[in-house]
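User: I'm new to this one and would like a slow walk through it. Could we look at the strands and then the spaces inside?

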Amino acid sequence: MRRVAPLMLLPAAWLLGAAAQPQLVPDVSQRDVEIQYSFTGADLLLFGAIVYPDGRRPDKPADIVVVLKGPEQSITIREKQKVAGIWVNADTVRFRSAPSFYAMASSRPIDSIVDERTAAIYELGVDKLQLSPSSLNDSAELSRFQEGLVDLRARSGLFVERPGTVEITDGVLYRARLPLSARVIVGDYTAETFLVQDGRVVAAAVRDITVRKSGFEQFMARAAEQWSFLYGLVAIALAVGMGWAAGAVARRI
């Protein structure tokens with residue numbers, strides 16, 4: 001019986017060790033974002049608290065990384081080349097799981113918080129996204145196309161990085177602001193928060209955000225999806241009517 005007792009204590013010790021880890025209590029200022037005709041984007045506040053075991057904070061301050069990510073989508077990137085004075089499509093690559101939106105903020109630059117491997121595992125940074133290319137085995141060529149995708153989406157406000165902008169108060173409370181571009185698509189988004197100590201992610205938490213259309217935009221989107229044939233006929237009729245009206249006005253002038 002004495003030999004079995006230490007073995008029986010192992011699960012309890014493991015549970016105590018898990019309970020000794022700090023925990024995150026995150027939240028977000030908006031969990032439901034409505035897109036209307038006047039939608040110009042949103043400024044989301046991601047905030048929360050770090051709960052330490054027995055209320056004891058570590059001697060070395062921890063770091064916080066927050067990531068706002070949109071639905072994944074397949075995208076094809078085409079490279080243009082000038083042939084005989086004409087720009088034509090040349091090589092292409094298709095990424096099967098590119099996030100439609102990605103924004104990240106951190107308390108310090110990522111390379112000062114975690115190593116390359118940890119950043120890749122948790123996709124901390126646009127250069128660490130797992131895009132799942134469906135072609136191209138050459139790493140240099142693949143890297144060029146990935147950089148092109150990141151550049152295009154960064155210029156559209158769909159890929160955002162804000163290192164050093166997460167504010168941590170008294171080592172317990174944190175807050176960060178991330179912009180939500182006016183070009184975002186509807187769907188389910190995730191706001192992930194990572195607590196990092198000594199280069200390791202020791203806690204993580206997720207909050208869900210829904211981006212949806214409302215008002216007239218919601219009606220038009222639903223009509224196009226549920227009554228596609230009728231929607232197409234109405235669109236053609238409106239285009240013809242507007243063209244006829246513009247022609248009639250031009251003839252009178």
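User: Which residue stands opposite Phe47 in S3?

Analyst: Asp27 stands opposite Phe47 in S3. Before going on, this is a predicted model, where local features need pLDDT of at least 70 and side-chain atom pairs count only at pLDDT 80 or more, while totals for chains, interfaces and linings use all residues. Residues are numbered from 1 along each chain as its sequence is written, and side-chain values use heavy atoms, with hydrogens and water left out.

User: Which strands pair with S3, and in what sense?

Analyst: Strand S1 (residues 23-28) pairs with S3 in the antiparallel sense over six bridges, and strand S10 (residues 173-180) pairs with S3, also antiparallel, over eight bridges. Strands here are DSSP runs of E with at least two residues, helices are runs of H or I with at least four, and both are numbered from the N terminus; two strands pair if DSSP finds at least two bridges between them. On the S10 side, Leu44 stands opposite Leu178.

User: Why is S3 described as largely enclosed?

Analyst: Seven of the ten residues of S3 (residues 42-51) are buried, so the rest of the structure largely encloses this strand. Buried means under 20% relative accessible area, exposed means over 50%, and partly exposed lies in between, with a 1.4 Å probe and protein chains only.

User: Switching topic: where is Ser132, and what does it touch?

Analyst: Ser132 lies in the loop between helix H3 (116-121) and helix H4 (139-155), and because its relative accessibility is 31%, Ser132 counts as partly exposed. Leaving aside residues up to four places away in sequence, Ser132 touches Arg94, Phe95, Arg96 and Ser97, where contact means heavy atoms within 4.5 Å.

User: How far apart are Ser132 and Ser97?

Analyst: They are 35 residues apart in sequence and 5.9 Å apart in space, C-alpha to C-alpha. The side chains of Ser132 and Ser97 also make a polar contact at 3.1 Å, meaning a pair of N or O atoms within 3.5 Å; within protein, one must be able to donate a hydrogen and the other to accept it, and residues adjacent in sequence count only if both atoms are side-chain atoms.
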